[in-house]
Structures are given as structure tokens and as C-alpha cells.
Amino acid sequence: MTQQRQKSQRLITTTPDTSLGAALESVKPQISPKLFDGLEIKKVSTKGVIAPRILTLSDDLFTLFISHHKVGNAGSLSDRFHYKSYKAYSTVVGALTSQHTVQNKHHLRVIDVADILFVQSGFIGSRKLEECKDKVPDLDPKRLISIFHNNVNTTDFVVEDEEDREVVLGAIQIIREAYHATKGRVGREEQLLRYAWYDTDWNKNGEIDQHEFLTLAGRLNIYLKQEKAIQLFKVYVAAKHTKKGRLGGVKQHGITFDECLEALRKVKLMQNEGIETSNVIFDEIFGEYTTDVTADEFLSKFILQRQKEMTTSIDDVKKVFSELNSMELSGVAVRLGADGKGDAESIDRSRFGEYLFSSRNDLFDPDQQKYDVLTMTKPLSHYFINSSHNTYLTGDQLKSMSSVEMYAVALQRGCKCLELDCWDDSVGHPIVYHGYTITSKIPFQDIITCVRGYVDSNPETLPIILSLENHCSHPFQEQMASILTQTLEECLYIPESNHDAVAGSKSPLDLVGRVVIKGKRPPEKEDDDVTVLDSMDEEALEEALVDSVRDAVGSNKIKDTLNRSSKKGDTPQLPKISPELARLTLFNGVKFKDFSTSLELPLSDMHSFSETKTLKVLNKADSVSLWREYNKDHISRTYPAGSRVDSSNYNPVVAWHVGSQLVALNFQSDDSSMTMNDGRFRQNGGCGYVLKPPGVFPTDKESTSGKMILTIKVISGSCLPKPYGESVGEVIDPYVLVRVHDVALAKRSNSLSSQADWLETTERKTSSVRDNGFCPQWSSEPFEFTVNSDDVAMVEFVVMDSDKGLYDDTMCKSAIPVSCLRQGLRSVLFYDQSSSQHGPFEFARILVDVDIKCIM
């Protein structure tokens, strides 16, 4: 077959001519031709059914397609042009094949490089593969690939052999590295339009027509009346004909990528009555008639005076200028200096606007987000450690599915303490599930294999702690020990005999690439780390549990289980720990009595406090100072109350306030607590370990240095997504919630009630902007907050869609430690419900004005 013939069979897509396209083009020679011509795979469905498919990489390397037919075959015509709209699909296929109907069987899976979160291979680590394993007993893990993308959805498939696996994995890695290394040199609006172009340019001719332009505007959350959109569109088409006449004798009826972006920017001005936020700010700082600003002026008038960045130098500014002037912005020429690099002496208004909304101007101090290896040499007790509760659960605590996928996602999210509730299984292998419930069960072996896979892919990971809640008999415990040692091998940290010295001295750097076991060593009675109901709460909690699931379950199975397991005097006791498992355990969970006793315990002994127990402890005199004293050298873990059967979370701020290291949360829940946790651990490179601030260590007197007045004014937004990043749906009516989560100066009441007694959460919100998520502007007054402890307080931003229905949808959100805030005009970067920045979430921003005044 000739080279020309091979190329004609490739899945050709027309990509806007951006630096991203050039970067991917440069790595094309490193990609196996197999992927361009179509690779035979077996795709795994949600129900675990496998079916033959073809995996094809687009010629521009931006997109992976999984289709029924190979590109170049007659049957592929009904696949290759179908992206997300059956209507458009039918139109195109009808034109090409004279067929007037298209069947759903030709559905095409499309994965854009911007949507890929991570890839794993070599083990069963997704829900689909777990389902498949039950149907295909001889499933070979070495041929499995799972691509995690778009809100942590997975595309799972089986390749023919290990050679094909390496072809696919190598290509994805090369493409993603080139994409992420280059995207910072392209404007956000350019990147967003490139991302949306695939779904809009349905016939792939490099231009969009009048109908596609309307669709694109809706996709980008711009509402345009049809007649106004048509009028604007025709202006560009007419201008093109005037300048170029007929190209090749064929009259053109569409506009190009650059023309579309120019039109959208005109629409942006129309939507805001001709007011461009960045231009208003530029005028205020540098003068209305100024076109360019020099590096010296930028430093003195903006960086030092307006932004209060007192450590920034002229060299820092010139470096930023050089980067900005070498960026690709549609309609703005690249400005090069004498050295061939971006001009470092001045920038114009357009590049100033790009700077305002860029990550360079992040409200979250970029220096705080960098990994600092020099801070990783303290004992483990000196760190907040990203921790998960009942990691295996996908939903509620009573009847949801358990899945290894939850461990894979938690690890990728930065979690470094995973929980496993281990039980005997009737088939003779240890399993993990939420005991005395009807949650599903997963093999202990599969979880440990997943952890090993993560460590192999991330050999420089800081230590991963496996928190074992052990209900297994001795034979099963011996199996657990064998699985841990044989699967993790050298990655498993086996402590020396002197556990106390090790626990008190080992730092995160000492344990890089290692897995540490937390559980029990000596035979002991169960403690608060075990899922056992406190006697005083049993009756009320049992009633709550039964009522919450009776309708959903439709039987008395849960009630019968609770009746058998929670009778006084009949609570199941944990078996004693086998020597084989005890030998592997570093951190030993013991029952809490009081802090006077706890302070005398070995440093390897630790406590776990339920949310309810935490409140009881805090109700005692001097509890905060004593708890901090304990946490100076020992480790403590907190976790949600058993009554949270919906897997909701407690607010982590109070636990951070007392210096607790392992503040375990339900990672499957999309709530403010998880948003705060993600924000906290965005510090230090997202490595999962953050050095505790000085204020949570024991002191002789209460510190007042962390009190401040925080003022936040929400100014405008840019490129805000639809709910869950969907490409279709109504144009949003966005408003912004701003919350400050803080500890109260004093307990609000004398009785034990709830965590609200120890919290001070203040919420403000802007007005909503109708039909504009692309460039909304708000005129709300500044919001003022009093912060009691900047050591642990968090500020949360949530973009909502105002709806006439029962509730408003969440668009995107972000949380930042108050101690990591920067003053001035700043950009807030946003994340999806799973704390990732895939696809449209990568470009979402709001601009805020922040002022901080310390209170003496």
C-alpha cells in the first residue's frame, strides 16, 4: 500500500492553526502508524461486556476515536463524522452516503487530549473492569488500559498484546507531554475555541457556517438572538468575499477559526455595553490614552503599588513580559526582542488582559503551590496528610457499590492515607466492604495491586499510609500479610523492632516510594477506629439508619443486620492481630482515654476520633491545647460520624485547628468539605503532605497574629462552563458564592451539640448575570470577612447557575487557604466536582479584588 493510500485512510480532522497544533505535529514521528490506521481493541461497556472496536488517533493528534469500523471502510463513514450530535451526524452522513437514517449502533467515543486526566494499565482498577472480570475469568491484566477523563469517567479496553499496549500508552504520554508543555503559550480563549471546534465544525472543512456559529455561541455560554447572530455572521462572510473574492471558484459560506474568535470578542463587548474589564483596569492604572506599558511602569504602578508584591523584581517582570509577548493571541502579533525571544520591555492592552486572567496572577500564591523538598524533612507528625475515609465506597455508607476505582481516583487526587475495612470471605480470600451493610465487596488483593500500580507509575510519591480496619480471622490476616509483602515487595515499609523511635523520626523524604501500614500490633480491644456504635447513641442511630434506607432497599435486611450487630453486650469483637500482620504495622491504633495518658504513650501509638468523639473531647477544658500537645509528636485521625449514612462530610477546619494530621473525608462526596480539602492540599505541589503552620503547635498562650479583615470584591468572569462541563444545554445565569470557613473564637454554647459550635462560616453572594457565562461582569459591593485564624481558615468560591427550578446547579468551584491568598486584582482558577481541570474547566476564571488588613 502506498504512503498516499495510507494517509487517505487516516481520520483527518481540521484543527485551528495554533501553537498547540504545531507542538503535536512535531511529535508525530514518534507515534506508531498503527494508531493512525486503526488499532483493533475490545472495548469494555459499563456492564462489563466486551465488544470489538477500532481505536484511531486523529491525524492532528488531538483526539482519540473508538469506533465500530476501521477508517477507510464504507461502514466508517457513519462513525467518523459523528461527535456529539445525531442531528448533525445524520446530515453529514446523508450527504456523503445518500443514506437518510443513522442508527445509534454507530455511536462514536471521542476523547480530546484536554479531557484526559490520567491513564492506568496492567491491573483491574475501574468499575467497568471489575464488572468485566466477573464475566471474563481469563481477563489478562497486562492487556488492560483505562483512560480516566471528563469528570472521572473511564474508557476501558483490552488490546491484542503487550506490544499494542505499549503503543497506546507511549502515544498518549507523548501527546499529553507535548500538549501540557505548550498550552501556556496559547491564550485561554484560543484554547477554549480549539476545544469546542471539534464539536462545532461538523463537516470538518475548517470553517463554521451560520448554524454552527449559533451552536458554538451557546456552547461557550453566550446568548445571542438569532437575527443578531446572523447579522454579525454575514458581516464577516461579506468582508471575506470583498477581500478575497471567490476561492477556487467556489463561494464560501463560513468563517474561519480566527474570524470566529474575532466575532466572539465583538460579542463580548456587545454583552457588556462596550466595557472590557481589563481595559478599565488598564486605564485606571496606566492612563486612558496609554497603549503600551513598560516593565518599569508595570513593576512600580501595578505589581508593587496595586498588587503589593514587594519581593518581585524588574527581572521577574521582564521574564513575564517575554512569555506574554511570545504567546499566541488571535489578532495580536507576536512581539519579539533582539534575541529572538518575546519582547521583555513592554506589553500592550491585550496581553495585560491575558495576564490578569492567567495562572501567573493566581489568587492562590504560586509559590505556595510549588513542591518544596526542603520542608519534607520533619517527622510525619508535623504534617497535614491528605486522608480518605472508607475509600472503597462509591456512594452512601449502607448500600452503595465498593470499587477499586475509588482508590485509583483518590491516589491521583493526592490522597496519601487510604482506608480498608477488611473481612473474611466465604470463598477463602480477604475482602473489603462496609461491614454489617449491603455494600458490595471487593478483593483485598485488587486494592493492593492498584496501590502497587500507582507507586510503579509514581516512584517519587511521598509515603502512602494504608489504614487497616481489621475484622479478619488469623488465617485471613496471614493472607493479608502475604498479599502485602508479595505484591508491594520493596515498596512496603517494614519497621524495625523499635517502632517508637521510627515513628518519631521518619520524615516523608525518608519514606519516598514506600507504603506504610496503620492498624494494630498487640492484641487489644477495639477502639474508636472501629465502626462500632457508642452505647449512648445506638438506639437513635439505628432508627436513623433504618429509616434512611427502608424505602430504597425495600426489605428489612438492614434492620435485621443492625438488630443482630448492635445489641448491647453482643457487639462483635475484633480478632487479635496475627504476628505476621503485626510485624508489618508501624502505626498502632489504641483507644483514647485522656490526653494525660496519651502523652505518655509510645510515639507509634495513635488515636482515631469519630466526629462525635471529637466534639466530646473538645467540650473538655483545655482540650485544644492538650490535643495540639499530643499531635506535636503523635498522630491522630478524625473521621465522619456514623450517622452520615449519605457519605456527607464534616468541616475539616476544626480538626486542622487542633493539629490532627489525618483528617479523613468521604472522597466520593462533592461538597464544601472536599473542596476545602482539595484546596488545602494544592499546597506543596499537591504531594499530599503540607507542613502544619506554627499556630497549630502548642503554645503557652493563645495567638492573635492570625486575625485579619479580609475584603473580596468579585469583578468579572471568563469562559465559565456549563454544569459538569457539558457541551449542550441552556446558557448559564452565573452568580458567585464566597464563603470563609474559620474556627470560632470561643465555643458558642455550653452543651455538646454539633460542629457548628466550633465553626464560623460566613457566606456572601453576588447577583446573577443573565445568559452570559463567557464574559459576565458583576457590580456587587465588596464582601468583608473577619478571620480569626489564618492558619487554618479557608476561602471558598463557587460559581452557580441561577435556576427557576428547585435548586441551582454548581458550575465550578475552588478553595484557597487564607494563608496562601495574595492581595490585589487576582484571578481565581476553578475545578470540576472531582477537583480536576479537564476540558472547559481549564479555562474558567473569575477576577477578584482582595484586600487584607491584620488586626493587632
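Let's start at a single contact in this predicted model: Ser 718 has Arg 845, a residue of strand S28, as its bridge partner. Step back from that residue pair and you find strand S21 (residues 708–718) running antiparallel to strand S28 (residues 845–854), with ten bridges between the two. These strands belong to an open sheet of four, ordered S24-S21-S28-S27 and paired in the antiparallel sense. At its edges sit strand S24 (783–787) and strand S27 (824–829), each of which pairs on one side only. From one strand to the next, the twist averages 35 degrees.

Now let's turn to a helix. In H25 (residues 611–618), the buried residues are Glu 611, Thr 614, Leu 615, Val 617 and Leu 618. Viewed down the helix axis, the buried residues of H25 fall within an arc of 160 degrees, so they line one face of the helix. What do the buried residues of H25 pack against? Their partners are helix H24 (595–598), strand S17 (605–610), helix H26 (623–633), strand S18 (636–639) and helix H27 (653–657).

Because Phe 213 lies in helix H9 (residues 210–219) and Phe 233 in helix H10 (residues 226–244), the pair ties together parts that are 20 residues apart in sequence. Phe 213 is buried, at a relative accessible area of 1%, and Phe 233 is buried too, at 4%.

Phe 302 and Tyr 355 form an edge-to-face pair, with 6.3 Å centre to centre and 75 degrees between the planes. Here Phe 302 comes from helix H13 (residues 295–304) and Tyr 355 from helix H15 (residues 349–356), so this pair ties together parts that are 53 residues apart in sequence. Phe 302 is buried, with 0% relative accessibility, and Tyr 355 is buried with a relative accessible area of 4%. Both rings also belong to one aromatic cluster, made up of Phe 282, Phe 286, Phe 298, Phe 302, Phe 321, Phe 352 and Tyr 355.

Rings can have charged neighbours as well, and here are two for your viewer. Arg 682 lies over the face of Tyr 831, at 3.5 Å from the ring centre. Lys 765 lies over the face of Tyr 735, at 4.9 Å from the ring centre.

Note on methods. Residues numbered from 1 in each chain as written. Predicted model: local features only at pLDDT ≥ 70, side-chain atom pairs only at ≥ 80, totals over all residues. Heavy atoms only, no water. Buried < 20%, exposed > 50% of the residue type's maximum accessible area, 1.4 Å probe, protein only. Arc of directions from axis to C-beta. Contact = heavy atoms within 4.5 Å. Pairing = 2+ DSSP bridges. Axes fitted to C-alpha atoms, helices over the stretch in contact; angles between N-to-C directions. Phe/Tyr/Trp six-rings, centres within 6.5 Å; stacked < 30°, edge-to-face > 60°. Lys NZ or Arg CZ within 6 Å of the ring centre and 35° of its normal.
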